[in-house]
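I opened the model today and kept notes on what I looked up. The entries follow in the order I made them.

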Amino acid sequence: MKYRCLSISLCVLLIALEVKSQTTRERISLNDGWKFMKYTSAPDKLIYDTRPEVTDRKDDVVADSKPTEAVTTTTSTNVLKNWILPTANEFINDPAKHHQRPAGNPGSDFPFVQNNFNDNNWEAVTLPHDWAIKGPFYEGEPAVVGGGMGRLPSPGVAWYRRKLNIPATDKGRSIYLDVDGAMSYPMVWLNGNLVGGWPYGYNSFRLDLTPYIQYGGDNQLAIRLDNPANSARWYPGGGLYRRVWLTKVNPVHIAHWGTFIRTKNVTTAAATVDITLQLENKTANSEPVEVATEIYTLNAQTQKAGTKVATIPRSTATIQAGNKQSFNYSSTINSPLLWGPPPTQKPNRYIAVTRLYSKGKMIDEYHTPFGIRSLQFDAEKGLLVNGKPIRIQGVNQHHDLGALGAAFNYRAAERQLEVLRELGCNAIRLSHNPPAPELLELTDKMGFLVIDEIFDSWERKKTPHDFHLIFPDWHEPDTRSFIRRDRNHPSIIAWSFGNEVGEQYTADTGAAVARRLYNIVHEEDSTRPATASMNYAKPHMPFPKEMDLLSLNYQGEGIRDAPAYAHLRGIRTSPLYPAFHTKFPNKMIVSSETASALSSRGTYVFPVYNGISAPVSDSTGGDPKNRYVSAYELYTAAFGASADKVFSSQDKHPYVSGEFVWSGWDYLGEPTPYYSARSSYSGIIDLAGFKKDRFYLYQARWRPELRMAHILPHWTWPGRAGQITPVHVFTSGDEAELFLNNRSLGRKKKGPYEYRLRWDSVIYEPGTLRVVTFKNGKSWAADTVKTAGAAAKLQLKADRSVINANGEDLSFITLRITDANGNLAPEADNNITFSVTGAGEIVATDNGDAADLVSFASHERKAFKGMALVIVRAMKPGNIIVTASANGLVEAKAVVKAQ
């Protein structure tokens, strides 16, 4: 007997549960139990396709450089491309264009795909896994990987292997491998059979394992990845860097990404919910089924169904053998709880639970979270959510998580969004690729508006091995699958199918490519606008005609148009908001990238520029020796503009719906202006998650009712006594008085289109700098900075002192070096040793210094401007005791409880 039960009733329950699991949907995490190997030289020849030879590996090009024509290559007969392309057929609408799999089974005799291959010497890893993030960093020039891709060893060929135990009782079910993301060119074998793959590393994809399963025992899964050098303008990561799942369903089931929920006629009194349901029949016979859907409120804390609010009664449908068929249903929800962005609205959500029945038995259950909201895109009023105007206060975010790399972690992403919410940010542009699915769960839950973007290049290239190589074969399936995966997320307000693409330059030819992609987007989802971001296309050109929204990168405030930028080469554009608005009076304008201002947290370079915006250089705002950029927040990339200039331009053109700042957080790669560094300088928040001074400039604008004032720079300057040391104040007030050692240095009021208060002639003397701010003549907020004494002790503070003991949850612990009185020592760079005892382990350390090339895995880290970060996770319940020590300083401890 299979079950040894304490009672007959328990036995019946166990048998019933097994029967249910065999007849309904199972989704099983495959994150554990992997073996990993990356070649150090001479990888195998199981390649997807040939690639052009790279003759110029220089990656320190200005980000708005003109993309160039693709290099023609000849496909070899020995490549595996023709066996992989059929994976795309489900997302190619024209059956005549479907790919036919050739005869044969390439790679079947390769050792790594065999069941009996001994991988005991391979590294044991848990997914999500980024093979490059531990380094080492490549230093010097020429480097194998330069600053553009983060100086980390992301390029290369690697294999992942894992056993899948498939019981005999699964026979007759359909079994799928679902990959949330694999960087890049993944190709999958099961039991020596090439199943398929999906080249684009950011897209999620599914493979049908059913034909290759050996039931009643272990099955050998082997995945090969091939991450090309010179394939990105930022750090791509490498490996199975998102989650992988095994999905088991009845052969008659709800298809992959098989629900599409739209809401219309939305008011506070009622809303119509339309559901399109796609059913799949993998059997050889037509199958009659019954379908029923119930709609519940979704509990924001538990993510479980709450109160039932609507029922779509059972209806019958017949699915033809071997087919997918779609069916439409509708329901009305009275007094709906609407989804909208805080603080003026709430991100309420619902969940549709769809059940499929055959011969009276439930054979599938599918859950679809969604939100009810209306969107309007008005050329004069901007964005309206549920009829209320919402100013877009957004940032751009790349996909890496700093010291954790590209490997997705829910808590790390949540922390990024929490800090952005404190900033006053309400919108995210996902630059320039589809995110991990969990990120969109977070934006739905937290109420961020999202522009979901898929491509950074089309047919013309930005780097030798970027997406242009596979665009002809994959642009349609990539676009369709991207939208089908993400379309039920209420946080997504628009689709972007391109960023600063080279086709802006090719007139009607480029516009035709845009039109093709635009049509694909709207075939998949006609409820949201589609656009591509433009840094070159002008109002009179054909390219912007193809867009629902005018998505402008830097052109609104002007590019290289101010006197300080006159000597620079590149795109030169006067502020173009008026010209676009005049040419397209019915299209909403949004600035999809603004600013690209640059700074290193806590670093100040003298003298200070006396205007509001200047390009950084070795003599203006830059420190080439240390690879720092001054944090007076006046300096920018060659094509950029300071926040002050952006604010002024938008305020002069109030029809502009808002902005997405480049960038919210610093990210790995693209370290303009110092490409010998590892990470960007453009973030409002640094790579470790510490706020730069710029944070407070944006907060003052985006949260005008928050009483806040912020002084810069710090006031610890040995050797600067008697020298001019300008003082700037960021405040949500409109007036301020500055005091140095209780002496007033004058009261200043913001003028028209002014966003900071400046005292540019302050003579430094040690002591206390204090500002008192006012708003509408009344006291508003204050801030104080003091001259710090010698570094004396360490402080540790965890962002959360209680975490889950699941091996995934994280605590981010900030280290500060202070003087004896607890004042931050703002220039301290002591070497810190972190250690941990108890129930957890150290995952990574960082300090926010873009030029620090010490491995993130190191437990020793120099403080940068008095601060550092250690990230810990729990491996079991209990206390995690973290200790920080440094020569000559009082050590610090922090306790994190894991439960």
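Which residues is Thr 883 in contact with, leaving aside its neighbours within four places in sequence? I listed Leu 796, Thr 833, Phe 834, Ser 835, Glu 891, Ala 892 and Lys 893; contact means heavy atoms within 4.5 Å.

Entry, source. I noted that this is a predicted model, in which local features need pLDDT of at least 70, side-chain atom pairs count only at pLDDT 80 or more, and totals for chains, interfaces and linings use all residues. Residues are numbered from 1 along each chain as its sequence is written, and side-chain values use heavy atoms, with hydrogens and water left out.

Entry, Thr 883. I found Thr 883 in strand 47, residues 878–885. Strands (E, at least two residues) and helices (H or I, at least four) are DSSP runs, numbered from the N terminus. Thr 883 is buried at a relative accessible area of 11%; buried means under 20% relative accessible area, exposed over 50%, and partly exposed in between, with a 1.4 Å probe and protein chains only. Its side chain makes a polar contact of 2.9 Å with the side chain of Lys 893. A polar contact is a pair of N or O atoms within 3.5 Å; within protein, one must be able to donate a hydrogen and the other to accept it, and residues adjacent in sequence count only if both atoms are side-chain atoms.

Entry, Ala 270. I placed Ala 270 in strand 12, residues 270–281. Not counting residues up to four places away in sequence, Ala 270 touches Asn 265, Thr 332, Ile 333, Asn 334, Ser 335 and Pro 336.

Entry, helix 8. I checked residues 643–652 and found 8 of the 10 buried, so helix 8 is largely enclosed by the rest of the structure. The buried ones are Ala 643, Asp 644, Lys 645, Val 646, Phe 647, Ser 648, Ser 649 and Gln 650. Their cover includes helix 7 (577–583), strand 27 (589–595), strand 32 (658–662) and helix 9 (693–702).

Entry, whole chain. I counted 9 helices and 48 strands in the chain. Buried residues make up 62% of its 899 residues. Of the chain's contacts with a separation of 6 or more, 73% are between residues 24 or more positions apart. The C-alpha trace spans about 90 × 65 × 60 Å along its principal axes.
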